[in-house]
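Here is a short briefing on one protein chain. Look over the sequence and the model first, then read the points below.

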Amino acid sequence: MKKLPIGVQDFKELITDYIYIDKTKYLHELITSGKFYFLSRPRRFGKSLTISTLYYLFKGEKDLFKGTYIYDKWEFKEYPVIRINLLDVATDNVERMKESLTKIIKLEGKRNGIEITETDYKFAFNEMIIKLSKKERVVILVDEYEKPILDNINNKEKAEKYREILRDFYVSIKSKDEYIKFVFMTGITKFTKTGVFSALNNLNDISLDKTYAQMLGYTQEELEKNFKEHIKETASEMKMEEKELLKNLKMYYNGFSFDGENSVYNPFSILQFFKKRKFQNYWFESGSPSFLYEYIKGKKIRYEDLVKYPVSELDFSTREIEEANASIFFTQAGYLTFKGKEQYGMEYEYLLDYPNIEVKNSFSKMILEANYELERGKIKEINKTIWKAIKEKDIEGIIKEIKRIISAIPYNLHKKEESYYHSLIYTILASAGLNVTAEELTNLGRSDIVIEEDIIYIMEIKIDKSAEKALTQIKEMKYYEKYKGKEIYIVGININSEKRNIDEYKIEKI
């Protein structure tokens, strides 16, 4: 059984000893049909491995690719390769950033056997491209292109200064077109027309291109084909049928979509799961919770605000990331994803939601803590109580717990809006790790909240009306139709805006 490539980002090392999911068909398409490319993806999605794979392709190391799609389809000629990772750039101040860019170029020149004499980062880059092109046209690979900006996302002034430097740096790629064979750049956020690449207007952004939607991440087919032995052993250890394990894996870790149609698993979570053989929030917890906490708190993020309105491709390229709407930022960072798309004339709009239970669970906990001022210990206690009630099929117990939580939220944070309580109750349930959806689409309308565990619970929430009216809406709209054949309970909830809490609820079995 081949090893799991946890943390391995070097293609040469990975292809020798570890499981490798062959993505070279996509790379062949790129290198044979174009010249300048950009791809954005969330962290830990395989961007650096893609850069590494391209590096060995253009270094002509054919033997490494034996058994892959591209092996007999590419010339494997050696080109000079400039490989830059902006993770190595100092971002504490402007001067240090400029100096570190120059050092990176000088070191890259040395690795390619040339000496860089220029001391200014821009001219050093120009010098390297021209000198290396005397051997053959140059390949340029850039990873984490916007790292200095993301490091200062809460400081607009500093972020803009760093953007100006990067703009000045990257313009060399366009001005030296005649010396260049191929360019591939990656980052977490899409660029804007006026941003870092404003002068590099020939860059082909494939971030939302359907052709490359599954280029990074694991598809369902790739998972089942490449992890057969791990699936079998893990299912046995967890005392689960393989079919059940795959169903749970899909709910927990699949769901990332970059075109609104096709979805992939986050590789990091899958690899960690097969190593530890238990369901945990691996990808989310490997990130920057403290930064997210401050971002959510500063912008008073609610679930409803994130998913209420569809977004278009244009929304991703009209504002710089530090000024973008929260839903745009969280989509690019991977905390939200496309859950479908709608066409209006020639334009597409994308529906947003959390990709899976892992992200939904962790993000909801953070919202409760940052936005509703609930203590972490209290959230943990809430989660246990709700889980216990679900296992005991005690929906009344869940509602009582929700009431208790709502009463603990400072009165000044409450809003006399149904959407406020929809978001809050959904977030409470999602923080407990339940398979819960909000505004679940049915053939006759949308139900407020659906809990889909062993039993289906469909909730409708009203404010200053009645629980009976809420129940009536569920019945009239037949929100339960799509769950026929399962045990279903419908729950009508009324919120009293003066008391700022649930004052009435009704439960019926369908």
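How many helices and strands does the secondary structure of the protein chain come to? The count is 20 helices and 15 strands; both are DSSP runs numbered from the N terminus, helices being H or I with at least four residues and strands E with at least two. This is a predicted model, in which local features need pLDDT of at least 70, side-chain atom pairs count only at pLDDT 80 or more, and totals for chains, interfaces and linings use all residues. Residues are numbered from 1 along each chain as its sequence is written, and side-chain values use heavy atoms, with hydrogens and water left out.

**Overall chain**
- The C-alpha trace spans about 80 × 50 × 45 Å along its principal axes.
- Of the 510 residues, 56% count as buried (under 20% relative accessible area, 1.4 Å probe, protein chains only).
- Among contacts (heavy atoms within 4.5 Å) between residues at least 6 apart in sequence, 67% join residues at least 24 apart.

**Sheet β8-β10-β9**
- These 3 strands form an open sheet in that order, with antiparallel pairing; two strands pair if DSSP finds at least two bridges between them.
- β8 (311-312) and β9 (337-344) are the edge strands, each pairing on one side only.
- β9 is joined by 6 bridges to β10 (residues 347-353).
- Glutamate 342 has glutamate 349 in β10 as its bridge partner.

**Helix α7**
- Buried residues of α7 include Tyr162, Arg163, Phe169 and Tyr170.

How values were computed: Buried means under 20% relative accessible area, exposed over 50%, partly exposed in between (1.4 Å probe, protein chains only).
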